[in-house]
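Visitor: I am new here. Could you walk me through what is on display?
Guide: Gladly. Take a look first, then ask.

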Amino acid sequence: MGKNIEPHYDNLIIGFGKGGKTLAAWLAKKGQQVALVEMSNKMYGGSCINVACIPTKTLIKKAEEKVPYQKAYGLKNDLTSFLRELNYEKIEELPAAAVITGKASFVSPNEVLVKIGESKEEKRITADRIFINTGSKPFVPPIPGIDTVKNVYTSISLLEQSRLPEKLVIIGGGFIGLEFADMYAKFGAEVTVLDSAEEFLPKEDKDVAEEVFKVLTGRKINIVTAATVQKIENTDHDKVRVEYKKETGETVFLEASALLVATGRKPMTEGLNLEAAGIKTDKKGYIEVDASLKTNVPNIWAMGDINGGPQFTYISLDDFRIIRDQLSEAKYTSVEQRKLVASSVFITPPLAHIGLREREALEKGYEIKVAKLPAASVVRARIDGDTSGLLKTVVDTKTNKILGCTLFCTGANEMINTIQVAINCGLDYKEVRDTIYTHPSMAEAFNDLYAQI
Ligand SMILES: Cc1cc2nc3c(=O)[nH]c(=O)nc-3n(C[C@H](O)[C@H](O)[C@H](O)COP(=O)(O)OP(=O)(O)OC[C@H]3O[C@@H](n4cnc5c(N)ncnc54)[C@H](O)[C@@H]3O)c2cc1C
Ligand SMILES: NC(=O)c1ccc[n+]([C@@H]2O[C@H](COP(=O)([O-])OP(=O)(O)OC[C@H]3O[C@@H](n4cnc5c(N)ncnc54)[C@H](O)[C@@H]3O)[C@@H](O)[C@H]2O)c1
């Protein structure tokens with residue numbers, strides 16, 4: 001399997017992430033020689049496809065459809081295997097591109113050593129340009145017992161479990177913590193989320209956070225904020241016992257069949273030997289880049305999670321665009337040109353957001369108008385059978401421009417893209433208010449939401 005490995009390529013890409021694979025295909029189609037080095041044959045296509053967005057969103061969808069966990073687990077694996085192969089083929093079929101399965105480490109600024117697959121074989125490869133796209137991995141805080149106790153998982157290892165944990169404790173109530181909590185609860189697990197932050201969803205406006213809290217706790221998810229996890233140990237039956245301190249100082253013990261650690265991610269620089277190339281990292285270990293995503297070493301770029309930017313697949317893709325335009329003398333060459341980007345937490349209903357929240361806009365000194373609408377007032381929400389949540393937007397009184405929007409309702413992850421276009425094109429909110437939307441759709445809620453301004 002695979003092409004012969006050459007000693008030199010025009011371009012070497014380390015890591016099969018979204019940005020790297022898209023860049024590999026683009027360069028190869030232009031006739032440039034490209035080596036795409038990926039350390040694991042289970043990771044062709046990168047994290048998103050294999051261990052992140054795609055498997056989680058598949059399971060979430062199946063949980064919503066009330067598919068039993070074991071069946072959903074199989075369907076998830078079918079889809080990730082299919083996409084993994086497809087991703088491999090899409091690069092390998094290009095005559096100018098080669099996928100090399102091995103772990104890369106720098107020897108010098110233009111040379112890497114690749115340890116091929118499981119074998120002891122090593123290849124030295126030089127390249128004119130090198131692009132680092134090695135992503136991130138779970139950050140595990142130093143809590144006593146966390147490394148040694150059985151049935152403690154990260155998002156990656158929990159997704160590999162074919163059996164549903166009956167009782168799941170999750171440390172961390174951010175993107176991963178909440179998505180997993182909601183998904184496992186829908187599959188039938190008893191879930192507790194422990195977060196060290198004093199408030200639940202501290203970035204959100206209070207009214208939004210309260211609504212999300214109401215929906216999740218209504219699904220019997222136990223959410224504890226200001227929790228300090230102190231110790232983790234196994235019981236006699238390999239259950240996990242978690243000891244944490246409440247805000248009041250009271251110590252609480254919880255027993256669970258599994259513990260998920262979802263406390264953020266850290267840069268995947270392990271074994272890369274960045275020092276050999278003289279590549280600088282920041283305090284957290286992410287590779288330092290300038291606005292054009294170049295490292296301090298000429299002809300080495302860093303794209304995706306590894307450069308310390310927002311950790312989303314679509315940001316990795318946009319990093320590709322920034323690099324592509326530099327290499328083709330086109331116009332979009334700096335992160336400073338990037339417009340506002342939306343995000344979505346895939347709980348049910350999804351919590352999607354773009355721009356400024358009410359509190360943030362006020363802190364920045366804007367004169368604002370705020371509109372809110374309960375999701376229950378949208379007829380499509382009734383058809384979809386989920387009337388929970390709310391829609392909220394913030395408009396600049398002086399300019400009539402939309403400053404931000406938070407949607408916690410069915411379809412929010414799609415709807416937010418409409419607001420993103422409106423904001424990024426500088427539209428007056430009245431354009432969104434007066435657009436004729438299809439009926440019955442969730443988007444037509446924008447007629448009523450913006451009519452309140
Ligand atoms: C559970 C979970 C759910 C998520 N859900 C979403 C979502 O719904 N939407 C969204 O936009 N984002 C989501 N994210 C974030 C998203 O997955 C990441 O931001 C994105 O995958 C990062 O892509 P990347 O291009 O930086 O690199 P990655 O896709 O992480 O690829 C890096 C690759 O480099 C390889 N590699 C590492 N070191 C070496 C080396 N030395 N030599 C060779 N290869 C190496 C790795 O094996 C890996 O395949 C989620 C993340 C997680 C953990
Ligand atoms: N839908 C999506 O787009 C999606 C889904 C999953 C992940 N992601 C990406 O992956 C990143 C990582 O996700 P994440 O959930 O691991 O990180 P996160 O930063 O979103 O959340 C981490 C949470 O853990 C808490 N925490 C940290 N240390 C703790 C401790 N010792 N005890 C208790 N709580 C603690 C924090 O207060 C925070 O709420 C996200 O920031 C996001 O960029 C995106």
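**Questions at the model**

Guide: Leu 83 has 17 C-beta neighbours inside 10 Å, so Leu 83 counts as partly exposed. Bear in mind that this is a predicted model.

Visitor: Why is Leu 83 called partly exposed?
Guide: Buried takes 20 or more such neighbours, and exposed takes 12 or fewer. Leu 83 has 17, which falls in between, so partly exposed is the label.

Visitor: Where does Leu 83 lie?
Guide: In helix H4, residues 69-92.

Visitor: Which residues is Leu 83 in contact with, leaving aside neighbours within four places in sequence?
Guide: Gly 45, Ile 49 and Ile 54. Contact here requires C-beta atoms within 7 Å.

Visitor: How far apart are Leu 83 and Gly 45?
Guide: In sequence, 38 residues. In space, 7.5 Å from C-alpha to C-alpha.

Visitor: What surrounds ligand 2?
Guide: A shell of 24 residues. The closest are Gly 172, Gly 174, Phe 175, Ile 176 and Gln 311. Helix H6 (175-187) and strand S17 (343-345) each give two or more residues. H6 has the largest share, with four.

Visitor: What makes up that shell by class?
Guide: Around ligand 2 there are 11 nonpolar, 10 polar and three charged residues.

Visitor: Which domain does UniProt list for residues 341-448?
Guide: The unreviewed entry gives "Pyridine nucleotide-disulphide oxidoreductase dimerisation". In the model, the span is 32% helix and 27% strand. Its end C-alpha atoms lie 24 Å apart.

Technical notes
Residues are numbered from 1 along each chain as its sequence is written. Chains are lettered from A and ligands numbered from 1 in the order in which they are written. This is a predicted model: local features need pLDDT of at least 70, side-chain atom pairs count only at pLDDT 80 or more; totals for chains, interfaces and linings use all residues. A residue is near a molecule or strand if its C-beta atom, placed from the backbone, lies within 6 Å of it. Ala, Val, Leu, Ile, Met, Phe, Trp, Tyr, Cys and Pro count as nonpolar, Asp, Glu, Lys and Arg as charged, and the others, Gly among them, as polar. UniProt positions are given in the numbering used here, feature names are shortened, and annotations may be inferred rather than shown by experiment. Two residues are in contact if their C-beta atoms, placed from the backbone, lie within 7 Å.
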